Amino acid sequence: MEGHRLRTIDDLDVRGKRVLVRADLNVPLDGDRITDDGRIRASLPTINALRERGAKVIVCAHLGRPKGEVKPEFSLAPVARRLGELLGAEIAFASDVVGESARAVAAGLGDGQVALLENLRFEPGETSKDDAERGAFADRLAALAELYVGDGFGAVHRKHASVYDVPRRLPHAAGGLIVAEVGVLKRLTENVERPYAVVLGGSKVSDKLGVIDNLLDKADRILVGGGMVYTFLAAQGHQVGKSLLERDQIDTVREYLARAEKAGVEFVLPVDIVAATAFAADADHEVVPADAIPADRMGLDIGPASGRLFAERLAGTKTVFWNGPMGVFEMEPFAHGTRAIAQGLIDSGAFTVVGGGDSAAAVRTLGFDEAAFSHISTGGGASLEYLEGKTLPGLSALED
Ligand code: ADP
Ligand code: MG
């Protein structure tokens, strides 16, 4: 994007130094059980590279949205355990972020050892919009280390203390994960191999409409499923029953559809929908035409004919970016659409990129082989904002 060079850990002399690594360890949890440890695994290469070079590694990360308060259910303790297992090493876990425990743990590290700080978002300064409050917290975080490595790709679109302010206070570099992620995103924005198809779904409708604006000049084909599809169906004048709907976005969507038609960009919308009586795995459900969703039902997945249509529109493409599950894949009756799209990507033979925490988790929990995709990104919002052409605070902070 900006064309500046990202500094890498090869540019840092880390031996014997305390290195603060901002990782993305925001994994899905069921109680204190980690249901998908993909993000922890993705953080290992950089942590291991630093250990091998004799650094004292202090990892920091967030989990969920505790909103600046200490909430035990958002503790990183289960993540510390899993990280230790995967590294095959003892992890010194600090019971606070920048307090007494964090300072003691940081001071006690030997060369090649690893510590994890408690959830960054237990501190209001981490996400504060007030520069002074965020800066004060960044000062305390930076004081724990001598060097900074940014590797939490999933958070680089956030102007948060650990992402944006700390690298401005310490000599810094990008970790291997960020370097790899940015390399892939470049292939989706510069000299894209065509046809280029983008598949969008998931639940955060308004977040995802923004990227369409930018993709209308770049993609050849945009396939829409998941929760945002109902705003599209409504824009076409259809009833969507109790489905997810953002009324205030209907006009925007209508404008996108008109612009796409002018620009020769093909929008592919589902032709059938799995409509359920409630948001529950055991809810009564049936496949209905996309333009005939009953008033008392909600669409929780794209239907089988849509799955086939989407797969057919992916065949013959050279590049595919997919963000957002096609339905509520966490419940088996509504996982078929997401499965069909995952298979469609694999069968396309294209350069395939899956972005988004839930999309990546879906691919794995539905039993697909990660290696069947060209790249599974750890960041959804971050990938989308990069594709929108926005400047990402956590990336610009790592440039030299
Ligand atoms: P990602 O993390 O990959 O960017 P999102 O967070 O935007 O994806 O969306 C993931 C969520 O979207 C999943 O938990 C899924 O259950 C939900 N979802 C998908 N389709 C629907 C739908 N039709 N109605 C409600 N939620 C949906
Ligand atoms: Mg998500």
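# Reading exposure, charge and strands

Modeller: Start with K67, which is exposed, with a relative accessible area of 68%. The model is predicted: local features need pLDDT of at least 70, side-chain atom pairs count only at pLDDT 80 or more, and totals for chains, interfaces and linings use all residues. Residues are numbered from 1 along each chain as its sequence is written, chains are lettered from A and ligands numbered from 1 in the order in which they are written, and side-chain values use heavy atoms, leaving out hydrogens and water.

Biologist: How do I read "exposed" or "buried"?

Modeller: Look at the relative accessible area. Buried means under 20%, exposed means over 50%, and partly exposed lies in between (1.4 Å probe, protein chains only). The areas come from the Shrake-Rupley method. K67 counts as exposed because its value is 68%. G125 is buried, at 6%.

Biologist: Where is the place of K67?

Modeller: K67 sits in the loop between β4 (56-60) and α2 (77-87). Helices (H or I, at least four residues) and strands (E, at least two) are DSSP runs, numbered from the N terminus. The backbone of K67 also deserves a look. Its phi is near 60 degrees, a positive value in a residue other than glycine.

Biologist: What is phi of N191 near?

Modeller: Phi of N191 is near 45 degrees, again positive and again not in a glycine. N191 lies in the loop between α7 and β9. N191 is exposed, with a relative accessible area of 78%. P195 belongs to that loop too, between α7 (176-189) and β9. The peptide bond from R194 to P195 is cis, with omega near 0 degrees.

Biologist: Which residues form a positive surface patch?

Modeller: First, the rule. Patch residues have over 30% relative accessible area and no salt bridge; like charges are joined within 9 Å, and nonpolar side chains (Val, Leu, Ile, Met, Phe, Trp, Tyr) within 5 Å. Lys and Arg count as positive, Asp and Glu as negative, and His and the chain ends are not counted. Each charge is placed at NZ of Lys, CZ of Arg, CG of Asp or CD of Glu. Here the positive patch is made of R65, K67, K129, R158 and K204. Take K129. It sits in the loop between α4 (124-127) and α5 (131-142). K129 is exposed, at 81%.

Biologist: How many salt bridges does the count come to?

Modeller: A salt bridge is a side-chain nitrogen of Lys or Arg within 4 Å of a carboxyl oxygen of Asp or Glu. By this rule there are 25. One of them joins E126 to R22, with the closest N and O atoms 3.7 Å apart. E126 lies in helix α4 and R22 in strand β1 (residues 18-22), so the pair ties together parts that are 104 residues apart in sequence. Both E126 and R22 are buried.

Biologist: R364 and E370 meet in a salt bridge; what is the N to O distance?

Modeller: It is 3.3 Å. R364 is partly exposed, at 21%. E370 is partly exposed as well, at 39%. Salt bridges can also be linked in a network, as with D37, R41, R82 and E85.

Biologist: Where do side chains point in a regular strand?

Modeller: In a regular strand, they alternate between the two faces of the sheet. Now try strand β7 (residues 147-150). L147 and V149 point one way, Y148 and G150 the other, and all are buried.

Biologist: Which strands does β7 join by bridges?

Modeller: Two strands pair if DSSP finds at least two bridges between them. β1 and β7 run parallel and are joined by 4 bridges. V21 has V149 as its bridge partner in β7. 3 bridges join β7 to strand β8 (residues 172-174), also parallel. There, Y148 stands opposite H172.

Biologist: How many residues of strand β15 are buried?

Modeller: In β15 (residues 319-323), 5 of 5 are buried. T319, F321 and N323 lie on one side, V320 and W322 on the other. Strand β9 (residues 196-200) runs parallel to β15, with 5 bridges. Y196 is partnered with T319. Another 5 bridges join β15 to strand β16 (residues 351-355), also parallel. W322 stands opposite V354 in β16.

Terms used:
Accessible areas come from the Shrake-Rupley method with a 1.4 Å probe; for residues, only the protein chains shown count as cover.
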